[in-house]
Protein chains: 2
Amino acid sequence: MTDKTDYTPPAVWTWDTESGGKFASINRPIAGPTHDKELPVGKHPLQLYSLATPNGVKVTVLLEELLAAGHSGAEYDAWIINIGEGAQFGSGFVGANPNSKIPALMDHSGDSPQRVFESGAIMLHLAEKFGAFLPSDPSDRTEAMSWLFWQMGSAPYLGGGFGHFYAYAPEKFEYPINRFAMETKRQLDVLDRQLDGKDWLAGEYSIADMAIWAWYGQLVLGRLYSAAEFLDVASYKNVVRWAEAIDARPAVTRGRMVNRAFGDDLSMQLRERHDASDFETKTQDKLEENAS
Amino acid sequence: MTDKTDYTPPAVWTWDTESGGKFASINRPIAGPTHDKELPVGKHPLQLYSLATPNGVKVTVLLEELLAAGHSGAEYDAWIINIGEGAQFGSGFVGANPNSKIPALMDHSGDSPQRVFESGAIMLHLAEKFGAFLPSDPSDRTEAMSWLFWQMGSAPYLGGGFGHFYAYAPEKFEYPINRFAMETKRQLDVLDRQLDGKDWLAGEYSIADMAIWAWYGQLVLGRLYSAAEFLDVASYKNVVRWAEAIDARPAVTRGRMVNRAFGDDLSMQLRERHDASDFETKTQDKLEENAS
């Protein structure tokens, strides 16, 4: 333990706006809007306000899978919410999600617009709406729901815990890195044992696989926090096999592209998505890039 | 920032079994069972394996509310899982919940026993099974589901983040305490704004209220981490009002008692619950204690 401390917490916590690391500007102890800004509304019943982080990708992967499976009612407009610039604190976004986190969905298919927030709730809303990507077998469905909730309760240790302290905190604090690395590896081992001899987490490809893939699948594929070696992700062989199978699905690639405005590969960045043909332009970009 | 560090993470993380703070003995980077031990099975269709932590209390509160509302099919046996002694790593428990966390439910009401794990999944399973404590209005139901998932994704910052670093870590690390105190206060403010002028989070008393009450309600009632003053919980007046209303419900008090084996108030400790009459014994204990 090299980070010995003589810190004593005060009686009452107060906000020191100077500290906080890479995301200090977007972490606040206060909820609610910071400015007035309405959300744009496009032509489809489903309006998504998001960003291609793992929590955002979960939903766009599901929407693209629904469309690929023939559920044309899943056509959607996806608007980018730049959380680095505080767009999640605009009044319209806070109305859609009082928690000021992406993704948020507004479903305009009923009598009045319905907000749905938290990625797990959005996935369940869509899976039930279209009767797809939840197992029809009741036992498998219950198992899929357990895994969906597992993802929601586990990933904060990966993202808000491990990822923050390993990649984003202003200093490398040993104790938190150890704490959250241990828990992340335990979670990977939970998945590795569940996927032993199985293609999918719960009977068939479902929202549980998509949700968990967005975090743990992308982690073992080396896409999160430059932590593949540190966590020895290659040792979780069943997770890697499963993650690669999902990654090979065209709908998953499209889902990863939507609302992406970061990374080196510009051909993967579709800032907004309003029509299936929007991907063709990017594919054309990619072909031209490869040819040049 | 008093906890400056010159720590550099190694290339590959390794398990140092010496570190870890209060819960070092139960935090492991490996999943799966550590020993063979079958789970006991009682007389009712619903078999709960749990402990009266906030995640455990969520489910026992719901079961007691279901019984109080006349759903006699919700009769259950509640067996204590002592996580400090590693009971969550027994082979039977791991079979019920591969994530080795309480609570786990085995539902024996179908053709074969059905495992359900993650407290949110268990609550949804029971609410749907009995058609209770989820709003019948579709819009309110969607809103309740958003809040249920909000609880699952938010409480890790309160429990695994703030609670761990403020109350349990081997030293007081300033940066993590600040990070997670800020997030916990933001979450309390999210709830305070949602509950402004409202009795319940989503139209009517639902599993969303019960789940969130178990963490944030008990936090503002001063029951978690001795942190009431530090977080100035009294300033979240709507949350306090809502928490007190829930706390006054007899079913909630019963739910808090089940699988409790810690704290000063012995009359609140019902280690196992197998019949509604089990509470009467404790009530008699309490009367005698008050009389003495």
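Me: How many salt bridges does a search of the whole structure find over all chains?

Reply: Side chains of opposite charge can pair when their charged atoms come close. A salt bridge here is a side-chain nitrogen of Lys or Arg within 4 Å of a carboxyl oxygen of Asp or Glu. Over all chains, the search of the whole structure finds 24 salt bridges. Please bear in mind that this is a predicted model, in which local features need pLDDT of at least 70 and side-chain atom pairs count only at pLDDT 80 or more, while totals for chains, interfaces and linings use all residues. Residues are numbered from 1 along each chain as its sequence is written, chains are lettered from A and ligands numbered from 1 in the order in which they are written, and side-chain values use heavy atoms, with hydrogens and water left out.

Me: Which residues of chain A are linked in a network of salt bridges?

Reply: The network links A:Glu64, A:Glu75, A:Arg254 and A:Arg273.

Me: What does the salt bridge of A:Arg141 and A:Glu128 tie together?

Reply: The side chains of A:Arg141 and A:Glu128 meet with N to O at 3.0 Å. A:Arg141 lies in helix H4 (residues 138-168) and A:Glu128 in helix H3 (residues 119-130) of chain A, so the pair ties together parts 13 residues apart in sequence. Helices (H or I, at least four residues) and strands (E, at least two) are DSSP runs, numbered from the N terminus.

Me: Are A:Arg141 and A:Glu128 buried, exposed or partly exposed?

Reply: Buried means under 20% relative accessible area, exposed over 50%, and partly exposed in between (1.4 Å probe, protein chains only). A:Arg141 is partly exposed at 23%, and A:Glu128 is partly exposed at 35%.

Me: With which residue of chain B does A:Arg141 form a salt bridge?

Reply: The partner is B:Glu128, with the closest N and O atoms 3.7 Å apart. B:Glu128 lies in helix H3 of chain B and A:Arg141 in helix H4 of chain A, so this pair joins two chains. B:Glu128 is partly exposed, at 34% relative accessible area.

Me: How many salt bridges are counted between chain B and chain A?

Reply: The count is four. One of them pairs B:Arg115 with A:Glu143 (2.5 Å, N to O). B:Arg115 lies in strand E4 of chain B and A:Glu143 in helix H4 of chain A, so the pair joins two chains. Both B:Arg115 and A:Glu143 are buried. B:Glu143 and A:Arg115 also meet in a salt bridge, with N to O at 2.5 Å.

Me: How many residues of chain B are in contact with chain A, and how much area do the chains bury between them?

Reply: Contact means heavy atoms within 4.5 Å. By that rule, 77 residues of chain B touch 77 residues of chain A. Buried area is the accessible area (1.4 Å probe) that two parts lose on being put together, summed over both. For chain B and chain A this is about 7,100 Å², with 61% of it on carbon and sulfur atoms.

Me: How are chain B and chain A related?

Reply: Copies are superposed by least squares on the C-alpha atoms of residues with pLDDT of at least 70 in both. Chain B can be laid on chain A with an RMSD of 0.0 Å by a turn of 180° and a shift of 0.0 Å along the axis. The two copies are therefore related as by a two-fold rotation axis. In chain B, the C-alpha nearest the axis belongs to B:Gly153, at 2.6 Å. The same surface serves both copies, as 100% of the contact residues of chain B recur in chain A.

Me: Where does B:Arg186 lie, and is B:Arg186 buried or exposed?

Reply: B:Arg186 lies in helix H5 of chain B and is buried, with a relative accessible area of 6%. Leaving aside neighbours within four places in sequence, B:Arg186 is in contact with residues including A:Pro29, A:Asn99 and A:Lys101. A polar atom of the B:Arg186 side chain lies 3.0 Å from the backbone oxygen of A:Asn99.

Terms used: Polar contact = N/O pair within 3.5 Å; in protein donor to acceptor, adjacent residues only side chain to side chain.
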